[in-house]
Amino acid sequence: NIPLAMSRFAYLLELGPGEDVLTALDEDFTLVIYLEGGQPRRGIATKLKEEQEDPSGLLTKLEAVLPVTFRNILYPSDLVLPTPIKFSSGSYNNSVVRYSNIAPEKGYSFDYILQNKLLFFGNSKDVTRKTLEVGVR
């Protein structure tokens, strides 16, 4: 377990073009891997930098690039992301969940929950919920 900063992690994994996303995120993060129906699903718990005054508004503006930015972590290399990527709202344990069905036939989505400046996201609703549970502890 060697601590790794989000910026270094992003560089090493050649994350997508979401520079605005990456500059908004703090360096601390937790990568969650959850077995869902025999398939490994991934989620990330992190937080937005303190200087972000309107975290919800910022994420709404960046929604379309979030799945693209984290595609190397969240999705198989042969998965084609839809264009445009449209988000809907739901809820889980009194939290607003924003989600986009990326490849429903394969069980992939991009879901995120923002609590204060804590951000939890994953490539399925179940891993996002597990990531939230891990992050809240």
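Select Ser-91 and Val-96: Ser-91 stands opposite Val-96, which belongs to strand S4. Strands here are DSSP runs of E with at least two residues, and helices are runs of H or I with at least four, both numbered from the N terminus. The model is predicted, with local features requiring pLDDT of at least 70 and side-chain atom pairs pLDDT 80 or more, while totals for chains, interfaces and linings use all residues. Residues are numbered from 1 along each chain as its sequence is written, and side-chain values use heavy atoms, without hydrogens or water.

Now show the whole sheet. Its 6 strands form an open, antiparallel arrangement in the order S1-S2-S6-S5-S4-S3. S1 (25-36) and S3 (88-92) are the edge strands; each has a single partner, so one side of each lacks a neighbour in the sheet. From one strand to the next the twist averages 25°.

Next, select helix H3 (residues 55-62), which lies across S2 (39-48), S5 (108-115) and S6 (118-122) and runs at about 160° to S5. Angles run from 0 to 180 degrees between N-to-C directions, with axes fitted to C-alpha atoms, for helices over the stretch in contact.

Finish at Thr-128 in helix H6 (residues 125-136). Thr-128 is buried, at 1% relative accessible area (buried means under 20%, exposed over 50%, partly exposed in between; 1.4 Å probe, protein chains only). Its side chain reaches the backbone oxygen of Ser-124 at 2.9 Å. Beyond neighbours within four places in sequence, Thr-128 is in contact (heavy atoms within 4.5 Å) with Asp-111, Tyr-112, Ile-113, Phe-120, Phe-121 and Gly-122.

Notes: Two strands pair if DSSP finds at least two bridges between them. A polar contact is a pair of N or O atoms within 3.5 Å; within protein, one must be able to donate a hydrogen and the other to accept it, and residues adjacent in sequence count only if both atoms are side-chain atoms.
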